[in-house]
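Here are some notes for a first reading of this structure. They are set out as numbered points, to be read alongside the sequence and the coordinates.

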Amino acid sequence: MPGPKNLESLASVPLFVEGTSSVKEAAQLMQQHFVGSLVVAGPDGEPVGLVTDRDIALGALMRAPDSPAPTVLSVASMPLRTLPADSTVPEATGFLGTHCVRRLGLTDKDGALVAILSSDVLLMHLGMQIHRLTGTISREFQEERHPTTPPRSRFGNE
Amino acid sequence: MLDGKLNNDPITIRSTASLRQAAETMDKRHVGSLVVVDAWGKVIGIVTDRDLCLRAVALDRDPDSTTVERCMTAEARTLPIDTDLTDQVQAMRSLGVRRMPLVDGEGVPHGIAAIDDILLWAAARLSELAGTAVIGRRHVGLREPLGLLRELEAHVESRASDAAGAGLGERRALPLNSLQESIQRLREGLLGDGRTEAP
């Protein structure tokens, strides 16, 4: 099955939020950018984890009564799991399945984070490939039942 | 046409429950959405973890005094309980939703059609079909377990040989013989119908 030219073409630009930010700020950022996750930046700006809308919701709403709202760092998943950006689709799906996560970071040759890849886009990619393959099978069936060209004979014209 | 149904019990929550209760239920039941019902158990909406994030946390709503009703998606789209998979998929696709409660004539939910569940079902069917895609290699799915058995057999033979060489006699030989017989029976069981392993 053909793969994309590279995983980066399927992935999205990472959006960062500081670990010290409030969950409210992170939720507002997700809303503004229509995303379900943010990369959490550590003190030096390096990516240290990932926070999802679920992390935010459960972390904020399950906090002890009268306690202050948690910071992003306290509800995020750490570390951020990554793969080299030149990995293949099977490597990416295998990685996501093994670690039971829906998103991973893609890094360049220097180890810098360049994109976030989600299981949803991989699913859409694979679904499209299967759709094309079934289209081929369907055309083959059609051709058998209603041939548009005469069958070739290897014995020449008969 | 997809056949069969995936009957997953819907996890419900009263519309008057607090946001904290909704979050705790999602956490405890490992789900990302709850079917919201009224006092009579009828579906009136759906609330997801994303709804809680954007409609509660982003607006600083209090977890204990704010009800689920304030954050849910009201007028949840539902399907009749006997809707088959094909129609479930079509409905979700045309409405652009990932889940739809399956309800009876009274609007009470008895199941939930969810993209994730249908994907798992489809992946299992594709995996089964993949076994038919390679012609002439009917034992391809057995390679790994047969390979492991060969390794185990080699190890046992090596131990048997060491035991004999050390003159440990029948007492040590018996358990190893028994193990070799067990390995052979396992191999026959995997291959089935008296077939032999491919070289």
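1. Confidence. This is a predicted model. The predictor assigns the complex an ipTM of 0.84 and a pTM of 0.74. For chain B the mean pLDDT is 83, with 80% of the residues of chain B at 70 or more.

2. The buried side of helix H1 in chain A. Helix H1(A) runs over residues 23-33, and Val23(A), Ala26(A), Ala27(A) and Met30(A) are buried in it. These residues lie on the same side of H1(A), because they cover an arc of only 100° around the axis. The cover over the buried residues of H1(A) includes, from chain A, strands E1 (16-18), E2 (37-41) and E3 (47-52) and helices H2 (53-61) and H3 (72-75). Chain B is also represented in that cover, through helix H2 (49-57). Just after H1(A) comes Phe34(A), with a positive phi of about 55°.

3. Arg50(B). Arg50(B) sits in helix H2 of chain B. Is Arg50(B) buried, partly exposed or exposed? Its relative accessible area is 25%, so Arg50(B) is partly exposed. Setting aside neighbours within four places in sequence, the contacts of Arg50(B) are Met30(A), Phe34(A), Val35(A), Gly36(A) and Asp53(A). Met30(A) is among the buried residues of H1(A), and Phe34(A) is the residue with the positive phi. Along chain B, Asp60(B) is ten residues from Arg50(B), and the C-alpha atoms of the two are separated by 14 Å.

4. Salt bridges between the chains. Side chains of opposite charge can pair when their charged atoms come close. The count of salt bridges over all chains is eight. One of them is formed by Arg54(A) and Asp49(B), whose closest N and O atoms are 3.3 Å apart. This pair joins two chains, because Arg54(A) belongs to helix H2 of chain A and Asp49(B) to helix H2 of chain B. Arg54(A) is partly exposed at 22% relative accessibility, whereas Asp49(B) is buried at 12%.

5. A further pair across the chains. Asp116(B) and Arg102(A) form a salt bridge with their closest N and O atoms 2.7 Å apart. Asp116(B) is in helix H4 (residues 115-130) of chain B, while Arg102(A) is in the loop between helix H4 (89-99) and strand E5 (103-107) of chain A, so this pair also joins two chains. Asp116(B) is partly exposed, at 34% relative accessible area, and Arg102(A) is partly exposed as well, at 43%.

6. A salt bridge within chain B. Asp64(B) and Arg20(B) meet through their side chains, at 2.6 Å from N to O. The two residues are 44 apart and link distant parts of the chain: Arg20(B) is in helix H1 (residues 19-29), and Asp64(B) is in the loop between H2 and strand E4 (73-74) of chain B. Which of these two residues is buried? Arg20(B) is buried, with a relative accessible area of 10%, whereas Asp64(B) is partly exposed at 41%.

7. The cavity. How many cavities of 30 Å³ or more does a search of the whole structure find? The search finds one. The largest cavity holds about 70 Å³ of space. From chain A, its lining has Val23(A), Lys24(A), Ala60(A), Leu61(A), Arg63(A) and Ala69(A). From chain B, the lining has Ala56(B), Val57(B), Asp60(B) and Arg61(B). H1 and H2 of chain A and H2 of chain B are the elements that give two or more residues to this lining.

Terms used: Residues numbered from 1 in each chain as written. Chains lettered and ligands numbered in written order. Heavy atoms only, no water. pLDDT = per-residue confidence, 0-100. Buried < 20%, exposed > 50% of the residue type's maximum accessible area, 1.4 Å probe, protein only. Helix = DSSP H or I, 4+ residues; strand = E, 2+ residues; numbered from the N terminus. Arc of directions from axis to C-beta. Contact = heavy atoms within 4.5 Å. Salt bridge = Lys/Arg side-chain N within 4 Å of Asp/Glu carboxyl O. 1 Å grid on protein atoms, 1.4 Å probe; cavity = no way out; pocket = protein on both sides within 12 Å on 5 of 7 lines; lining within 4 Å. Points joined across faces, edges and corners; volume = space filled by probe spheres on them.
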